[in-house]
Amino acid sequence: MAVRHGGLLALDVSTTKLILTPASGSVNGSGNNTLVTPTVGKKLRLAYISYNPSLAVEAGFRFGAAGTLFLRNKLTAGGSIVAKDFGDLRCLEGAIDEALILNLSVGVATIWNALYTEM
């Protein structure tokens, strides 16, 4: 954003920084696996997410138990890492009180990671 200082044009490089909370774990249930639940009345804003199943599986994230799957992939071998870094000025956000869920087509040990903030 450009701002004027005494007739000179200067670049305003100040930005609001979000403090991200790291979370990770492992799930192994077929179907929905709740990963992160926001505080009541808040929503999750994701900056980074990933999953790493140990065997072949179709997996995808969703917000809420019936939300649309995203970052959905059918992995034919274990050990693959699927990750998304949303970068500066972009994020993915659920609705108020919606948990982040990892949906697995079959029960397979899957490591997951997330960087998020609550809004």
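**Notebook: salt bridges**

I found K43, R45 and E93 linked in a network of salt bridges. I note that the model I am reading is predicted.

Entry 1. I looked up how many salt bridges there are; the count comes to three. As a reminder to myself, side chains of opposite charge can pair when their charged atoms come close.

Entry 2. I took E93 and K43, which form a salt bridge with their closest N and O atoms 3.0 Å apart. This pair links distant parts of the chain, 50 residues apart: E93 is in strand β9 (residues 92-93), and K43 is in the loop between β4 (31-36) and β5 (44-53). I checked accessibility next. E93 has 30% relative accessibility and counts as partly exposed. K43 counts as partly exposed as well, at 25%.

Entry 3. I then went to the salt bridge between E93 and R45, where the closest N and O atoms are 2.7 Å apart. Here, too, distant parts of the chain are linked, with E93 in strand β9 and R45 in strand β5, 48 residues apart. R45 has a relative accessible area of 22%, so I put R45 down as partly exposed, buried being under 20%.

Entry 4. I turned to R72 and E58, whose side chains meet in a salt bridge at 2.5 Å, N to O. R72 lies in strand β7 (residues 70-75) and E58 in strand β6 (residues 57-63), so this pair ties together parts that are 14 residues apart in sequence. For E58 I noted 25% relative accessibility, which means partly exposed.

Terms used: Residues numbered from 1 in each chain as written. Predicted model: local features only at pLDDT ≥ 70, side-chain atom pairs only at ≥ 80, totals over all residues. Heavy atoms only, no water. Salt bridge = Lys/Arg side-chain N within 4 Å of Asp/Glu carboxyl O. Helix = DSSP H or I, 4+ residues; strand = E, 2+ residues; numbered from the N terminus. Buried < 20%, exposed > 50% of the residue type's maximum accessible area, 1.4 Å probe, protein only.
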